[in-house]
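Okay everyone, thanks for coming. Have a look at the screen.

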Amino acid sequence: MPVSSKTEDLEAFLTVVDTGSFSSAANLLNQQVAKVSRAITRLEDGLNVTLLNRTTRRLELTEEGELFLQYARDGLNILEKGEDLSEADKENFLIISNLHFVLMQNGIRYKHADYHIPRYNTIYS
């Protein structure tokens, strides 16, 4: 299963827990209740545990669900931080890639790049 599907399933799980119902979670996620339910089922099948006890009137985390909840929150937070970092790094990567290209164009060995980076930043920033 692709990572994006897993993160969507985790988001569905967290939203169900936070809102206390499948229908509220579906409304918040702008999805059908059946899709949110399938996401929870995929997580439970993948983990081979029941995360939520469901009745027509009540929704309750199981013991395993309680344990998994923090991992799900932490995992999504880490992924979001990684996405934020990767956006910032794209710009830095371009600068370093361009610097490497400029240095190679000028016949300067890459191992001397430390010396040239501050100079490059002064000239091209």
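Let's start with threonine 15, which lies in helix H1. Helices here are DSSP runs of H or I with at least four residues, strands are runs of E with at least two, and both are numbered from the N terminus. Before I go further: this is a predicted model, where local features need pLDDT of at least 70 and side-chain atom pairs count only at pLDDT 80 or more, while totals for chains, interfaces and linings use all residues. Residues are numbered from 1 along each chain as its sequence is written, and side-chain values use heavy atoms, with hydrogens and water left out.

So, is threonine 15 buried or exposed? It counts as buried, because its relative accessibility is 12%. The cut-offs are under 20% relative accessible area for buried, over 50% for exposed, and partly exposed in between, with a 1.4 Å probe and protein chains only. A polar atom of the threonine 15 side chain sits 2.7 Å from the backbone oxygen of glutamate 11. Not counting residues up to four places away in sequence, threonine 15 touches Gly20, Ala25, Leu28 and Leu29; a contact means heavy atoms within 4.5 Å.

Phenylalanine 13 has a relative accessible area of 0%, so it is buried. What does it touch, leaving aside neighbours within four places in sequence? The list is Ile40, Leu43, Leu51, Leu52, Leu61, Gly65, Phe68, Leu69 and Ala72. Take leucine 69: it is 56 residues away from phenylalanine 13 along the chain, yet their C-alpha atoms are separated by 8.4 Å.

That brings us to the core. The largest nonpolar core has 19 residues, and Phe13, Val16, Val36, Leu52 and Phe68 touch the most other members. By nonpolar core I mean a set of buried Ala, Val, Leu, Ile, Met, Phe, Trp, Tyr and Cys residues joined through side-chain atoms within 4.5 Å. The elements giving two or more residues to this core are H1, helix H2 (22-29), H3 and helix H4 (63-105). H1 supplies the largest share, five residues. In soluble globular proteins, nonpolar side chains tend to be buried together.

Now for H3. Its 15 residues (33-47) should span 21 Å at 1.5 Å a residue, and the end C-alpha atoms are 21 Å apart, so the two agree. The expected span is 1.5 Å times one less than the number of residues.

Which residues of H3 are buried? They are Val36, Ala39, Ile40, Leu43 and Glu44. These cover an arc of only 130° around the axis, which means they are on the same side of H3; the arc is that of the directions from the helix axis to the C-beta atoms. The face turned away from that buried side carries the exposed residues Asp45 and Gly46.

Glutamate 44 counts as buried because its relative accessibility is 10%. Its side chain reaches the backbone nitrogen of leucine 52 at 3.2 Å.

Finally, the whole chain. How many helices and strands are there? There are five helices and two strands, in the pattern α-α-α-β-β-α-α along the sequence. Of the 125 residues, 25% are buried.

Key: Polar contact = N/O pair within 3.5 Å; in protein donor to acceptor, adjacent residues only side chain to side chain.
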